[in-house]
Amino acid sequence: MRRGLLIIAATLSAMASEAQTDLGLWTEAEAQWSITKKLEAGVEAELRTANGIEDIGRWSLGANVDWAPKKWLAAGAGYSLQDTHHPAETTKKGNMVAEYWQLRHRIFAHARFKAKLSALRLSLRLRYQLTHKCGVSVAKYSSTGTRKDN
């Protein structure tokens with residue numbers, strides 16, 4: 001028991017030393033509806049903050065459908081619209097890039113397989129997702145403050 005607590009404490013302290021100093025909050029809300037005994041549909045919303053929870057780093061809205069034809073097999077698919085905030089930055093050449101938001105469309109499909117071997121329960125989930133980032137035209141400025149053409 002003590003050895004287990006020591007291992008957990010050592011792991012947590014190592015994780016804390018590697019952690020970033022930026023504080024952020026991730027919140028999610030989800031609603032699921034049973035359409036039939038084997039078919040469910042759902043919607044979800046997500047909000048992520050950054051910079052000490054002062055700024056919104058990303059938000060997303062999504063919908064999904066899950067189907068479980070057998071006890072050992074489940075499959076599903078969904079869509080998510082994400083909007084990510086990119087703060088202003090200075091490039092290696094000294095150019096300043098203004099802050100901007102970038103939309104992403106993500107579709108995904110997944111399958112889950114379950115097996116029970118006496119007291120051991122096994123589960124394997126496979127997920128494929130495809131994300132399309134929408135093109136964004138962002139203003140770039142030189143170190144003197146004049147606007148540069150891309």
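# Reading strands and charges in a predicted model

Modeller: This is a predicted model. Start with the open sheet of four strands, ordered β5-β6-β9-β10 and paired in the antiparallel sense.

Colleague: Which strands stand at the edges of that sheet?

Modeller: The edge strands are β5 (89–90) and β10 (147–148). Each has a single partner strand, so one side of each is left without a neighbour in the sheet.

Colleague: What holds strands of a sheet together?

Modeller: Strands of a sheet pair through backbone hydrogen bonds, and the pairing is either parallel or antiparallel. Here, β9 (residues 140–141) and β10 run antiparallel and are joined by two bridges. Y141 has R147 of β10 opposite it.

Colleague: How many bridges join β1 to β2?

Modeller: There are nine bridges between β1 and β2, and these strands run antiparallel. W33 faces A41 of β2 across the pairing.

Colleague: Now the charges. How should I read a salt bridge?

Modeller: Side chains of opposite charge can pair when their charged atoms come close. A search of the whole structure gives two salt bridges. In one, E46 pairs with R48, with the closest N and O atoms 3.1 Å apart. In the other, E46 meets R58 at 3.0 Å, N to O.

Colleague: Where do E46 and R58 lie in the strands?

Modeller: E46 is in strand β2 and R58 in strand β3, so the pair ties together parts that are twelve residues apart in sequence. Through shared partners, the salt bridges join E46, R48 and R58 into one network.

Colleague: Are E46 and R58 buried or exposed?

Modeller: E46 and R58 are both buried. R48 is buried as well.

Colleague: Which residues gather in a patch of positive charge on the surface?

Modeller: That patch is made of K37, K38, K70 and K71. K38 sits in the loop between β1 (26–34) and β2 (39–50).

Colleague: Why does K38 count as partly exposed?

Modeller: Its relative accessibility is 43%. Partly exposed covers the range between buried, under 20%, and exposed, over 50%, so K38 falls in that class.

Conventions. Residues are numbered from 1 along each chain as its sequence is written. This is a predicted model: local features need pLDDT of at least 70, side-chain atom pairs count only at pLDDT 80 or more; totals for chains, interfaces and linings use all residues. Side-chain values use heavy atoms; hydrogens and water are left out. Patches are made of residues with over 30% relative accessible area and no salt bridge: like charges are joined within 9 Å, nonpolar side chains (Val, Leu, Ile, Met, Phe, Trp, Tyr) within 5 Å. Accessible areas come from the Shrake-Rupley method with a 1.4 Å probe; for residues, only the protein chains shown count as cover. A salt bridge is a side-chain nitrogen of Lys or Arg within 4 Å of a carboxyl oxygen of Asp or Glu. Lys and Arg count as positive and Asp and Glu as negative; His and the chain ends are not counted. The place of a charge is taken as NZ of Lys, CZ of Arg, CG of Asp or CD of Glu. Buried means under 20% relative accessible area, exposed over 50%, partly exposed in between (1.4 Å probe, protein chains only). Two strands pair if DSSP finds at least two bridges between them.
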